[in-house]
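Hi,

Here is the structure I promised to pass on. Have a look at it first, and then read my notes below.

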Amino acid sequence: RRPRASPSARKLASAGEGEGVRMQCRGKACISRTIRITRLRQCFHTPSCESTPLPSGMDNISSSGGATRRISEGEIRTFHKDGVVCLRGVLDQSWIEYMRKAVEVAMQFPGPHAEEYEFNDDKTCSTTKGRFFGDIDIARRHRKFRRFAHESPTAAIAGALMGSNKINFFYDHLLVKEPGTYAKTPWHQDQPYWAVSGQQVCTTWIPFDHVESHVSVEFVRGSHRWAAFSPYHFATGKQYRSTGLPPLPDIESQRCSHDIVAFETRPGDCLVFHAMILHSAPGNQSSQRRRALAIRWTGDDARYCIRQGELAIPTRDPGLQHGDNMDCDDFPIVWRQRAEAERN
């Protein structure tokens, strides 16, 4: 069952701020479908990223290029209060077209951590019910993803919202839900999965398709101020081992008790959310693809944190010690406040 938004529940924000849809309570929690994750087997042959030609005109895009407007004070306040904000029309369409082509190449040549989320009853790969594809660390392998992370306005957007003097790239995560996909992303916080501490940690979620609110990411507003909960394996629903963190509350069965919001987005928009906010995503029962790139960023107060128990990210040792500043080859600084001021 997909959530429907009551017209009276729509909240119109001021110009430039996202229009969120307060999701209605459901009489019953959605029936969970078992999701099986299959590691992709491949020979890791990818096209030469360094020789890939850029689209006409893209060579002129600078580190501030492609941005269509500044972030407002109201949007900054919304991010800190709610833990999530929808920024309308902050990316130029040239970046969107550039990345749509890059997404198709990345899906054809997945990396070692790519996953197919499958849900056929006989545990075979679905060919009729849609497809949920995910891959991470793509910027390490594909030049266009790396260029987007380093040169698009997304790092500056993260810096403006978090009030950080510098922004480090942490990792990127491609998420594609094809039409007819039932696979649901369960409720979770991001940061307990990661080896990073601090308040200045966030995600920019960039859609490359029109995403209606009923198939978009859902957030519990204000939950970025809650305590940390145990991570779970999406495939099995089992808690990560030995984290020492309490189990996650059953948000789905208690939807009426929470302020849950989702946003309809169009290409050029950007969702930005705190790494501790509780969020989830339904399947894609629309007629359109749902291609999105989540880029994770860290700011001034972030530190490398070797957590107790299981850990998902990073996928390789960056050479940092517990408590170290995040600056390193794997987590490069891609934006500084001083450089932005000099350009303006």
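**What I found**

P314 sits in the loop between β16 (303-304) and β17 (333-336). The peptide bond joining I313 and P314 is cis, with omega at about 10°.

Before I go on, a word about the model. It is a predicted one, so local features need pLDDT of at least 70 and side-chain atom pairs count only at pLDDT 80 or more, while totals for chains, interfaces and linings use all residues. Residues are numbered from 1 along each chain as its sequence is written, and side-chain values use heavy atoms, with hydrogens and water left out.

Most residues other than glycine have a negative phi, and most peptide bonds are trans. Besides the cis bond between I313 and P314, have a look at D137, which is not a glycine but has a positive phi of about 55°. You'll find D137 in the loop between β6 (132-136) and α3 (143-151). D137 is buried, at a relative accessible area of 8%. (Buried means under 20% relative accessible area, exposed over 50%, and partly exposed in between, using a 1.4 Å probe and protein chains only.)

S242 is another non-glycine residue with a positive phi, near 55°. S242 is in the loop between β11 and β12, and counts as exposed at 55% relative accessibility.

The loop between β11 (218-220) and β12 (260-263) also holds K238. K238 is exposed, with a relative accessible area of 58%. What does K238 contact, leaving aside its neighbours within four places in sequence? The answer is P231, Y232 and H233, where contact means heavy atoms within 4.5 Å.

**Helices**

Two packed helices are described by the angle between their axes and the distance between the axes. For helix α1 (residues 73-82) and helix α4 (residues 154-162), the axes come within 9 Å and cross at roughly 75°. The axes are lines fitted to C-alpha atoms, for helices over the stretch in contact, and angles run from 0 to 180 degrees between N-to-C directions. That makes α1 and α4 roughly perpendicular to each other; the cut-offs are under 35 degrees for roughly parallel, over 145 for roughly antiparallel, 65 to 115 for roughly perpendicular, and oblique for the rest.

On the α1 side, the residues that meet α4 are E75, I76, F79 and H80, and their partners in α4 are A160, L161 and M162. By class, this contact of α1 with α4 has five nonpolar, one polar and one charged residues. (Ala, Val, Leu, Ile, Met, Phe, Trp, Tyr, Cys and Pro count as nonpolar, Asp, Glu, Lys and Arg as charged, and the others, Gly among them, as polar.)

In α3, the buried residues are K144, F145, R147, F148 and A149. They pack against α2, α4, β7 (166-177), β10, β15 and β17.

**Salt bridges**

Side chains of opposite charge can pair when their charged atoms come close. I count a salt bridge when a side-chain nitrogen of Lys or Arg is within 4 Å of a carboxyl oxygen of Asp or Glu, and the count comes to 22.

One of them joins D269 and R88, at 2.9 Å from N to O. D269 is in the loop between β12 and β13 (270-274) and R88 in the loop between β4 (84-87) and α2 (93-108), so this pair ties together parts that are 181 residues apart in sequence. D269 is buried at 8% relative accessibility, whereas R88 is partly exposed at 22%.

Another is R291 with D209, whose closest N and O atoms are 2.6 Å apart. This pair also links distant parts of the chain, 82 residues apart: R291 is in strand β15 (residues 290-298) and D209 in the loop between β10 (201-207) and β11. R291 is buried at 10% relative accessibility, and D209 is buried at 10% too. Both belong to a network of salt bridges that links E104, E178, D209, R289 and R291.

**Cysteines**

How many disulfides are there? The count comes to zero, taking a disulfide as a pair of cysteine sulfur atoms within 2.5 Å. For C202, the closest cysteine sulfur is in C270, 8.7 Å away and too far for a bond. C202 is buried, at 0% relative accessibility.

Cheers

Technical notes: Helices (H or I, at least four residues) and strands (E, at least two) are DSSP runs, numbered from the N terminus.
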